[in-house]
Amino acid sequence: MRSVSRLTGVLALTVAMLAAAPSAQADVTPREKLKQHVRDMVQTVKAAPTAPKKRAILDEKLRGMIEALNRAERMAPFSLQDQKGIDALRTRLQEKLDELHGQNGYEAVPAGQLNTFADYVQQDFEQADSITISLTSALLILILVILLV
């Protein structure tokens, strides 16, 4: 319980500081930072020495992003549009997780295809720009992704 209140305090302070501070780079948005997080995940997967390690990294990162979305929903009320965007993003992430492990009608990604699958996850995430999430909501999700993953 104490860690939840501490996390909430840290998040509130971070959001307040980010809102008050002028942006050093106007083109670096929370959405871009989330995309960079996924790009970093892909590089980590490709650098992993074995297929089980690659699969574990993908699993951890996808689950962490889903958990960040879940926590963000519990922490703040979202507009209907943001809620739809969060739901769509969570669905896409869950589908990738199901495909990774061969669940819910998917065949598991073969060991030799994990690098390609990581690229596919990145491409799908970057094409998710049609999913609309406000900047404030994206910032909260970004902070949680960084803290949880």
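Tutor: Read along the sequence, this predicted model follows the pattern α-α-α-α-α-α. The secondary structure comes to 6 helices and 0 strands. Of the 149 residues of the chain, 37% count as buried.

Student: What makes Q122 count as buried or exposed?

Tutor: Set its value against the cut-off. Buried means under 20% relative accessible area. Q122 has 16% relative accessibility, so Q122 counts as buried. Q122 lies in helix α5. Leaving out residues up to four places away in sequence, Q122 touches V38, R39 and V42.

Student: Why does G64 count as buried?

Tutor: The cut-off is again under 20%. G64 is at 9% relative accessibility, so G64 is buried. The place of G64 is in helix α3.

Student: Which other residues of α3 are buried?

Tutor: Besides G64, the buried residues of α3 are K54, I57, L58, D59, K61, L62, M65, I66, A68, L69 and A72.

Student: Why does N104 count as exposed?

Tutor: Exposed means over 50%. N104 reaches 63% relative accessibility, so N104 counts as exposed. N104 lies in the loop between α4 and α5. N104 also has a positive phi of about 55 degrees, although it is not a glycine.

Student: Where else is phi positive?

Tutor: At G102, which follows α4. There phi is near 70 degrees.

Student: How do you know that the span of α4 agrees with its number of residues?

Tutor: Helix α4 covers residues 80–101, which makes 22 residues. At 1.5 Å a residue, α4 should span 32 Å. Its end C-alpha atoms are 32 Å apart, so the two agree.

Student: How many residues has α3, and what span does it reach?

Tutor: α3 has 25 residues. From first C-alpha to last, α3 reaches 36 Å, close to the 36 Å expected at 1.5 Å a residue.

Student: Which residues of α4 are buried?

Tutor: They are D82, G85, I86, L89, R90, L93, K96, L97, D98, E99 and L100.

Student: Why might residues three or four places apart point the same way?

Tutor: An α-helix has 3.6 residues a turn, so residues at that spacing point the same way.

Student: Which residues make the contact between α2 and α3?

Tutor: H37, V38, M41, T44, V45 and K46 in α2 meet K54, I57, L58, K61 and M65 in α3.

Student: Why are α2 and α5 called roughly antiparallel?

Tutor: Their axes cross at roughly 175 degrees and come within 9 Å. The cut-off is over 145. Therefore α2 and α5 are roughly antiparallel to each other. Among the residues in this contact are L34, V38 and V42 of α2 and L114, A118 and Q122 of α5.

Student: What makes α4 and α5 roughly antiparallel?

Tutor: α4 and α5 pack at about 170 degrees, with axes 11 Å apart. The angle is set against the cut-off of 145. That makes α4 roughly antiparallel to α5. L89, R92, K96, E99 and L100 in α4 meet L114, F117, Y120, V121, D124 and F125 in α5.

Student: How many residues are in the largest nonpolar core?

Tutor: The largest nonpolar core has 31 residues. Those with the most contacts inside it are M41, L58, L93 and I141. Two or more residues each come from α2, α3, α4, α5 and α6. The largest share, 8 residues, comes from α3.

Student: What does L93 contact?

Tutor: Leaving aside neighbours within four places in sequence, L93 is in contact with L62, M65, I66 and L69.

Student: Why would nonpolar side chains gather at all?

Tutor: In soluble globular proteins, nonpolar side chains tend to be buried together.

Definitions and conventions: Residues are numbered from 1 along each chain as its sequence is written. This is a predicted model: local features need pLDDT of at least 70, side-chain atom pairs count only at pLDDT 80 or more; totals for chains, interfaces and linings use all residues. Side-chain values use heavy atoms; hydrogens and water are left out. Helices (H or I, at least four residues) and strands (E, at least two) are DSSP runs, numbered from the N terminus. The expected span of a helix is 1.5 Å times one less than its number of residues. Buried means under 20% relative accessible area, exposed over 50%, partly exposed in between (1.4 Å probe, protein chains only). A nonpolar core is a set of buried Ala, Val, Leu, Ile, Met, Phe, Trp, Tyr and Cys residues joined through side-chain atoms within 4.5 Å. Contact means heavy atoms within 4.5 Å. Axes are lines fitted to C-alpha atoms, for helices over the stretch in contact, and angles run from 0 to 180 degrees between N-to-C directions. Angles under 35 degrees count as roughly parallel, over 145 as roughly antiparallel, 65 to 115 as roughly perpendicular and the rest as oblique.
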